[in-house]
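Hi,

Here is the structure I promised to pass on. Have a look at it, and then read on for what turned up.

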Amino acid sequence: MRHKPAIAPNIPSVSADPTVEVTMTVNGQTVTRHVSPRMLLTDFIRHELGLTGTHVGCEHGVCGACTVLIDGRAARACLTFAVQADGAELRTIESEASEDGTLSELQKAFAECHGLQCGYCTPGFIMNIRAHLESGEKLDLSDEGIRDMISGNLCRCTGYKNIVAAVRKSAQHFNRK
Amino acid sequence: MKPPLFDYCSAQSVQDALQKLHETPGALILAGGQSLIPAMNFRLVSPSTLIDINRIPEFRKVEVTSDGIVVGATIRHRDLELDAAVHAANPLLRLALAHVAHVPIRNRGTTVGSLCHADAAAEMPMILLLTGGSVMAQSVSGTRTIPAEEFYKFHMTTAKASDELIVSARFPALPRGAGYGFAEFARRRGDYALAAVGAIVSCDDSGIVTDARLAACGIGSKPVRLTAAENALNGRRADKAAMAEAALATADAVTAPDDTQVTQAYRRHLLAGLTRQVLAQAVSARKEAIA
Ligand SMILES: Cc1cc2nc3c(=O)[nH]c(=O)nc-3n(C[C@H](O)[C@H](O)[C@H](O)COP(=O)(O)OP(=O)(O)OC[C@H]3O[C@@H](n4cnc5c(N)ncnc54)[C@H](O)[C@@H]3O)c2cc1C
Ligand code: FES
Ligand code: FES
């Protein structure tokens, strides 16, 4: 019996899984790719499209780092197969800033309120809050209400106080528009 | 972690899904994927085939009539929660749905999927039991209605056969003039309940309880009716003493052993406290209904 694996002569760089074709709109652009049915939407966005702003924390729906908008609603990209998004309209964190790099008001509010440190969780927070802002529902901007809104996103460094302030600031700005 | 290989089939019609389910050993239905995909990511389940029912138009509807709410198989928790007609017919649904995970998960997770998943701590199976609801199971050989009390067998185990698809669930409307309440305790917002209790209390004109219904989840291997507490209320005035007695009568309903989160004794205290809360809610809701 071998105890040490030998270096394989040639590992294929492309998965041997059977694939299906999917087409969707991502941040306004139509993309078509061939994917394995087991490819998670997170991996599709990151590895097939190269949009690495969508982060992966837990792959079981708990941390919220992978939150994206699917047809306008916040959803966990780690709990969706890419094939299921065939025909869908997707928005990721890359849709926030404009072409020249100017941050969105929501991103600015996070920066100004010191709502992030390492930034790992931030794309998920932003996409979740974006969906709330655009939902047309009346938002409860009390501390309790905002904490409920962001309860599905975990941040391991900033603490939530500044994030709550950032949400409130961006919501006030959004309402004035 | 990443899910194992499977064949994917996006069913275009109910018949298509049923046929595929019938002829494919090891196939599972994919609804919202909010329980199934995490389980696959952990490799706790590895279905041969996933039959995705999300593109079947018949499943995307909610019907509200004077006697109940019929929820199609792909209606998301969040749609049900925000539906004004559903809320008017039975406010318990919205109260409980607000405790199911978080909005991004409720945006995709389906209520029928949750009923099928049958986590013993899940809110909606308990609401189905509390309201006296049922599910409609269909296979290539026919259709049957399964009442909630027969549907739930054990943790993540239901009376559904492997070739059956649950096409809809029916939640009866709240009885006219009845009081209702719901309360839950979980360590973190959106977690499954350590315990949750729901109540529906009907009284006659003189304030005597004619029908008390209480159910709980998180306390055993499936959602349960709190019959001893119900018996402590039926035929009496729902005053403080009766409610306290009912709360005490819930103790034996807790069958979950000590676990990594809490002890059995803790759950008993919790259940009694939650029962008192929901009964107080139910009594004040009934007063409002009469006023
Ligand atoms: C972080 C997190 C927290 C959560 N917290 C809670 C919580 O507090 N309370 C709670 O109740 N739930 C919670 N959930 C689970 C959530 O409610 C799921 O949406 C639900 O349990 C399953 O619904 P689904 O549509 O996603 O089903 P899926 O994941 O698609 O399916 C679940 C199971 O049911 C079967 N199934 C689904 N639909 C049918 C059908 N129509 N006919 C036959 N079989 C079917 C599937 O084959 C599978 O075995 C949580 C999930 C996550 C990720
Ligand atoms: S990676 Fe999707 S919720 Fe954590
Ligand atoms: S800023 Fe580091 S996890 Fe939130």
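Predicted model: local features only at pLDDT ≥ 70, side-chain atom pairs only at ≥ 80, totals over all residues.

C155(A), at 6%, is buried.

Now for chain A as a whole. It has five helices and five strands, and from the N terminus they come in the order β-β-α-β-β-β-α-α-α-α. Its C-alpha atoms fill a box of roughly 65 × 40 × 30 Å along the principal axes. Of the 177 residues in chain A, 46% are buried.

Chain B comes with a domain assignment: domain 1 covers 7-52, domain 2 covers 57-172 and domain 3 covers 179-290. The centres of domain 1 and domain 3 of chain B, taken over C-alpha atoms, are 36 Å apart. UniProt, in an unreviewed entry, lists residues 1-176 of chain B as "domain: FAD-binding PCMH-type". That span is 33% helix and 26% strand, and its end C-alpha atoms lie 50 Å apart.

Next, the salt bridges. How many does the structure hold over all chains? The count is 21. Two that I'd point you to link the chains:

- D43(A) and K2(B) meet at 2.8 Å, N to O. This pair crosses between chains, from helix α1 (residues 41-48) of chain A to the segment before β1 (7-10) of chain B. D43(A) is buried at 9% relative accessibility, while K2(B) is partly exposed at 36%.
- D79(B) and R73(A) meet at 3.0 Å, N to O. Here the crossing runs from helix α3 (residues 77-82) of chain B to strand β4 (residues 73-76) of chain A. Both partners are partly exposed, D79(B) at 34% and R73(A) at 28%.

Within chain B, E164(B) and R144(B) form a salt bridge at 2.7 Å, N to O. E164(B) sits in the loop between β9 (157-158) and β10 (165-172) and R144(B) in strand β7 (residues 142-147), so the pair ties together parts that are 20 residues apart in sequence. E164(B) is buried at 7%, whereas R144(B) is partly exposed at 37%. Over in chain A, salt bridges with shared partners join R91(A), E96(A), R130(A) and E134(A) into one network.

There is also a loop in chain B worth a look, between α2 (36-41) and β3 (49-52), where F42(B) is found. F42(B) is partly exposed at 35%, and together with M1(B) and L44(B) it makes a nonpolar surface patch of about 340 Å². S46(B) is in that loop too, between α2 and β3, and is exposed at 57%.

Last, some backbone angles. Most residues other than glycine have a negative phi. H114(A), though, has a positive phi near 55°; it is in the loop between α2 (105-112) and α3 (122-134) of chain A and is partly exposed at 45%. A101(B) also has a positive phi, near 45°. Its place is the loop between α5 (92-97) and α6 (103-106) of chain B, and at 19% A101(B) is buried.

Cheers

Key:
Residues numbered from 1 in each chain as written. Chains lettered and ligands numbered in written order. Heavy atoms only, no water. Domains from an automatic or database assignment. Buried < 20%, exposed > 50% of the residue type's maximum accessible area, 1.4 Å probe, protein only. Patch = residues over 30% accessible without salt bridge, like charges linked within 9 Å, V, L, I, M, F, W, Y side chains within 5 Å. Areas by Shrake-Rupley, 256 points an atom, 1.4 Å probe, with all protein chains shown as cover. Salt bridge = Lys/Arg side-chain N within 4 Å of Asp/Glu carboxyl O. Helix = DSSP H or I, 4+ residues; strand = E, 2+ residues; numbered from the N terminus. UniProt positions renumbered as here; feature names shortened; annotations may be inferred.
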